[in-house]
Amino acid sequence: MDQMKLTTENVIQLDFAEEMKTSYRDYAMSVIVARALPDVRDGLKPVQRRILYAMKELGLSPDKPHRKSARIVGDTMGKYHPHGDSSIYDALVHMTEDYSLNAPLVDGHGNFGSIDGDSAAAMRYTEARLSPAAMTMLDNLEKGLVDFMPNFDDSEKEPVVLPAMLPNLLINGTTGIAVGMATNIPPHNPAEVIDAVIAYMDRPSISIEKLMDYVPAPDFPTGGIIINASEMNEIYNKGEGKIRLRARTEIEKGDNGRKNIVITEIPYTISGNKTKLVENLANLSREKVFDEIYDVRDESSKEGIRIVIEVKKDRDVENLLNGLYKKTQMEDTYGVNLLAIKPSSEGNGQPKVFNLKSMIEEFVLFQEELYTKEYQHLLAKAKKRLEIVEGLMKATDVIDLIIEILRGSSSVKQAKKCLIEGETEGIKFKSKQSEKDAKTLLFTEAQADAILSMQLSKLIGLEILKLHGENDELLANIAEYEKILGSVKELYKVIKNRLRQFKKMFDCPRRTELMDDVAKAYVEKVVVEDLYVCIDRFGYTKAVDSAAFGRAAEETKKEFVQILQVKNTDRLCIFTNMGNMHQVKMDKIPRCKMKDKGVLIHNLCKMTNDEDGILYIAFDDLFESMLFFATKSGYVKLVSGVEFDTNRLTVAATKLDEDDQVVGVCSLTASEVLAGNKKVILLTQNGLSLGFPISEVNEFKKTSRGLKGISLEKDDFLVYATAVEPDADVFSYNGKDLNARRVRNRKRAAKGQKATLE
């Protein structure tokens with residue numbers, strides 16, 4: 001009872017809904033701040049920052065040999081980022097991609113993937129080191145410019161943010177999906193961004209429109225063309241919007257009078273997946289979506305991208321280009337969302353959507369903080385050194401006295417105390433004057449330590465002159481540092497000078513062209529031609545042009561159970577035993593040679609595996625036809641072909657009772673029906689048959705069941721129905737010929753008589 005009472009007293013009652021809200025909010029903020037979004041100051045996500053810091057700790061500067069990626073991933077995961085090696089390696093690979101970043105942060109050695117979409121080799125095979133761009137973000141870590149925080153298990157320290165002196169977020173961009181929000185910052189030209197930062201420092205009140213004189217739009221490493229340049233002003237003001245990107249193309253002369261469309265630059269949206277674009281273009285050619293395309297091939301190499309689209313002779317190349325822009329990723333949309341983590345005074349960053357100016361402003365504020373700390377560090381270091389140099393200079397002037405103190409002291413501690421405080425008790429001097437002079441020595445502790453550790457070689461005249469020169473240099477440096485720290489204008493001069501150095505290091509011409517253009521509508525110019533649809537007994541279907549069909553041998557044609565002539569602009573209609581009509585556009589049926597196998601008809605439409613085609617007919621022919629239907633239960637009817645005028649790919653062709661099926665569908669002309677120039681033949685499972693003129697069959701709507709055409713015994717059912725000439729001798733069923741003349745023209749309600757084999 002006491003135990004139960006104790007447990008009950010320690011139960012914490014919580015509202016479930018409130019707890020779910022709180023927990024989800026905490027999880028969301030963790031993902032936003034600690035995983036998915038970059039810091040606006042250094043432009044890095046936590047995993048990227050930890051990788052670069054781990055590489056810095058390993059000493060992997062650009063002038064050092066590459067190190068195995070597995071070692072880098074292991075150090076990062078073990079010390080700073082315990083979230084799995086695959087995510088760390090993926091981030092490392094991304095930082096090597098010159099087709100994703102304008103200034104890659106990692107110099108990779110080995111197979112790190114390609115713009116085609118090839119994946120990187122395993123981390124045990126590749127090697128990496130820091131790039132020069134990464135060093136601009138790491139070089140000053142030892143100067144204490146940024147705060148450090150404990151790692152996940154308090155065993156190490158890691159930087160909260162890197163002391164980035166390059167505007168990495170705008171130059172390289174980033175992408176990330178958090179909880180309830182996402183970021184998509186495009187890369188920009190390094191020289192343009194640096195010029196914009198300098199322009200802002202010269203005039204902080206500068207407008208976004210004026211900043212766009214320096215940064216007119218993103219500059220993607222894959223080049224391409226931005227075709228909505230006039231919308232960039234709104235995007236940079238709002239911090240979000242859509243950029244329309246288009247591949248760069250050239251028109252060249254090809255073989256045999258053809259012209260070639262050559263893609264030399266692709267949209268950034270398919271960077272790292274170029275092969276998908278090539279496959280898409282090839283599929284469009286294969287499926288005859290664009291009849292103008294003769295061939296597609298990828299001739300890309302280390303020199304650059306070159307995707308060649310051969311265009312058939314006498315075709316409109318510009319019209320084809322318009323169609324390709326509409327139906328492929330040769331023209332694509334890049335969604336801009338300038339979302340990043342803004343640091344707060346409490347230390348907890350908050351996600352914020354920036355515009356172009358506010359993003360540059362945050363970088364400049366960060367530079368002020370970094371450079372102030374850097375020059376405070378340099379000033380403190382210079383003053384510390386000046387103290388020692390002044391002490392050494394003073395010591396050289398009284399070096400004989402200092403030697404006398406050292407020789408007369410019984411310990412280093414006693415000598416040091418004399419140098420700092422003038423305490424002479426216990427020290428043996430050669431004269432009273434020396435003891436009196438020793439009491440006037442008031443060196444600082446740092447100076448005393450330097451004197452006690454000074455080498456005798458420092459007493460050489462040249463070395464003494466060096467001390468005086470160093471003293472003058474330190475005084476000048478201290479004056480300069482204090483001048484810089486005392487004026488924001490002077491501080492800005494230093495920042496701008498270093499940014500100009502970075503501009504020389506990373507300067508490159510703009511790759512992405514700007515224009516305003518809208519692709520014109522594609523005008524499909526279809527050449528109407530006759531095709532032959534050939535279907536074999538297994539259901540394999542293909543379309544053959546009339547020339548190839550005419551050259552085929554008769555023996556080859558006999559292999560097909562269905563051959564019908566259809567226009568290439570028409571549709572193939574299939575009536576099945578399940579009472580459905582399926583339609584297949586002719587451009588979906590593969591164009592093949594007579595010897596090719598083709599594609600199963602079930603794969604071209606929505607026919608199920610238990611459906612069998614009974615009648616195959618061109619859609620255009622339906623309007624001039626009357627269709628005769630007969631079902632397993634003995635129902636018959638005529639339906640006008642106009643009833644099947646629909647764009648739907650699958651419709652019910654007739655009404656069927658449960659367990660009933662269509663056993664026969666025949667296409668007749670209206671004149672044949674009116675004149676009664678056809679005879680209907682019905683055949684049952686028990687071998688009974690019945691024949692009567694087609695004129696005795698009534699016309700119904702397709703939604704009707706029809707009328708009984710034959711009376712059946714309880715265990716009997718219709719297996720076949722057809723319409724033949726009144727004077728036909730035989731009709732074919734299941735590969736056998738049956739005597740048509742033995743079928744009497746009896747009433748439709750008659751029981752029928754036994755059919756005999758010919």
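I looked up helix 3 (residues 46-57) and found that it lies across strand 2 and strand 3, at about 90 degrees to strand 3. Contact here means heavy atoms within 4.5 Å. Axes are lines fitted to C-alpha atoms, for helices over the stretch in contact, with angles from 0 to 180 degrees between N-to-C directions. Helices (H or I, at least four residues) and strands (E, at least two) are DSSP runs numbered from the N terminus.

I noted that the model is predicted, with pLDDT of at least 70 needed for local features and 80 or more for side-chain atom pairs, while totals for chains, interfaces and linings use all residues. Residues are numbered from 1 along each chain as its sequence is written, and side-chain values use heavy atoms, without hydrogens and water.

I found 3 strands in an open, antiparallel sheet, ordered 1-3-2. Strand 1 (67-68) and strand 2 (106-109) are at the edges with a single partner strand each, so one side of each has no neighbour in the sheet. Strands pair if DSSP finds at least two bridges between them; I found 4 bridges between strand 2 and strand 3 (residues 127-130). Gly108 is opposite Ala128 in strand 3.

I listed its buried residues (under 20% relative accessible area, 1.4 Å probe, protein chains only): Lys274, Leu277, Val278, Leu281, Leu284 and Ser285. They cover an arc of only 125 degrees, taken from the directions from the helix axis to the C-beta atoms, which puts them on the same side of helix 11. I saw them pack against strand 11 (259-265), strand 12 (293-298), strand 13 (307-311) and helix 12 (317-327). Lys288, with a positive phi near 60 degrees, follows helix 11.

Key. Buried means under 20% relative accessible area, exposed over 50%, partly exposed in between (1.4 Å probe, protein chains only).
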